[in-house]
Amino acid sequence: MYMAQERRQYILRLLEQRGRIRSAQLAAELNVTDETIRTDLVALQKKGLLRRTHGGAEYCVPDLTANSEHNKQRADVAMAEAVAERIPAGSCLYADPCPFCRILAQALADKPCTFLTCSPQFALHLAPKALPHELLCCGGRLNKDAKLFDERAAESFLRANRPHFAVLRPQALTATHAAYYSAPQAHWAAAAAQYAQECIIAIPAASLYTNAQHSFTLPPFHLITEDNLPPGFSAKSIRTIPYISAELFTTGDDFVF
């Protein structure tokens, strides 16, 4: 049986990986009641860590300009800031169309860059005038299921706009392969890793050695993850951030992440 702080940590990590979760599915996974999950979601929403939806919750991208104490203790924020340290102003980068890279765009607010994207939705998230970045969005046929432009355009688009960095957030990673749940996203990520001068992967340690259906072989990459690495995991270049353990959680209104 999970303690409340462990459940809430688990919920936040799932949201980082999936973007959305359903309450009923989560209750079944954790073997608790729907009411217990509702209480957890309410507590997390009060701290601005998620947004409740009908039947579940969705990931809440933090506002880094708020300088919140909660932001300072979020693993996704710490990883985004670690990635931003490696990227100089004026860089051109392909960023996976995911919530994590929306945090990265904020972390790079003082270092204007050019973002390459295959996602119209992701481009709209980066469009506010408060962010100084230039945007290059691939055109062509839209894959309505993946909400990405057709992956057949990946090679020509990325070859023509060779990025300095490919910043990837795969669902699974080994020392040699990255994997995604979505085939189009995996295709774009593989092409970006091929044409970029440097590949940076930033994922929670829980994603190391897990499984996802669509994989590809990686070039040499720099990994940013948490310091609770699975036994035996290795990569040529790793930077770790402190793992936010369950002991840092409390079950009352002073819940911290």
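Y94 counts as buried because its relative accessibility is 0%, where buried means under 20% relative accessible area, exposed over 50% and partly exposed in between (1.4 Å probe, protein chains only). The model is predicted, so that local features need pLDDT of at least 70 and side-chain atom pairs count only at pLDDT 80 or more, while totals for chains, interfaces and linings use all residues. Residues are numbered from 1 along each chain as its sequence is written, and side-chain values use heavy atoms, with hydrogens and water left out.

A search of the whole structure finds 4 aromatic pairs; rings of Phe, Tyr and Trp (its six-membered ring) pair if their centres lie within 6.5 Å, and planes under 30 degrees apart count as stacked, over 60 as edge-to-face and the rest as tilted. Among them is the stacked pair of Y94 and W188, with 6.5 Å from centre to centre and 0° between the planes. This pair links distant parts of the chain, as Y94 lies in strand β4 (residues 92–95) and W188 in helix α9 (residues 183–195), 94 residues apart; helices (H or I, at least four residues) and strands (E, at least two) are DSSP runs, numbered from the N terminus. W188 is likewise buried, at 0% relative accessibility, and ring pairs join Y94, F157 and W188 into a cluster.

Elsewhere, 3 strands form an open sheet in the order β1-β3-β2, with antiparallel pairing, where two strands pair if DSSP finds at least two bridges between them. The edge strands, β1 (20–22) and β2 (50–53), each pair on one side only. Between β1 and β3 (residues 56–59) there are 3 bridges, and I21 has A57 as its bridge partner in β3.
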